[in-house]
Amino acid sequence: MRKNSIKNTRINGEVQKELSSIIRNEIKDPRIHPMTSVMAVEVAPDLKTCKAFISVLGDKEAKAATIKGLSSAEGYIRRQLARTLNLRNTPEIRFILDESIEYGVTMSKLIDDVTRKDASAREEEEE
């Protein structure tokens, strides 16, 4: 199975949906922040490994605690995935912190600041 095949894309989507459901509804670990979302999932073509990109809305301590909590619950998460998904192999999951949303928000704020400063400078020139 190729990496970008239709089957692999479909498996990625199913694993992402089930993984987010498991994290949201079934894991009771207090280390896992309530504002945790699964941004993307990349399952290897041989179905042995899986990278789960996790986004956490919070400070650095909350992010580190969430990743640590998810890593410690990996066995339970794999068992639940195996129960809900009908795959030949249940992949080993590596949780990776995804900070792309925060980066986008930061860049958006910077752009807004620059446009505000530019607009105020134009108003001062006109007066």
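Is Glu 14 buried, partly exposed or exposed? With a relative accessibility of 33%, Glu 14 counts as partly exposed, because that class lies between buried, under 20% relative accessible area, and exposed, over 50% (1.4 Å probe, protein chains only). The model is a predicted one, in which local features need pLDDT of at least 70 and side-chain atom pairs count only at pLDDT 80 or more, whereas totals for chains, interfaces and linings use all residues. Residues are numbered from 1 along each chain as its sequence is written, and side-chain values use heavy atoms, with hydrogens and water left out.

Glu 14 forms a salt bridge with Lys 17, the closest N and O atoms being 3.8 Å apart; the term stands for a side-chain nitrogen of Lys or Arg within 4 Å of a carboxyl oxygen of Asp or Glu. Both residues belong to helix α1, where they are 3 residues apart, about one turn of the helix; helices (H or I, at least four residues) and strands (E, at least two) are DSSP runs, numbered from the N terminus.

In total, the structure holds 6 salt bridges. In one of them the side chains of Glu 102 and Lys 63 meet at 2.6 Å, N to O, and this pair links distant parts of the chain, since Glu 102 lies in helix α4 (residues 100-126) and Lys 63 in helix α2, 39 residues apart. Salt bridges that share partners join Lys 63, Glu 99 and Glu 102 into one network. Another salt bridge joins the side chains of Arg 31 and Asp 29 (2.9 Å, N to O), and Arg 31 counts as partly exposed at 35% relative accessibility.

Arg 88 lies in the loop between α3 (74-84) and β3 (92-97), and counts as exposed because its relative accessibility is 68%.
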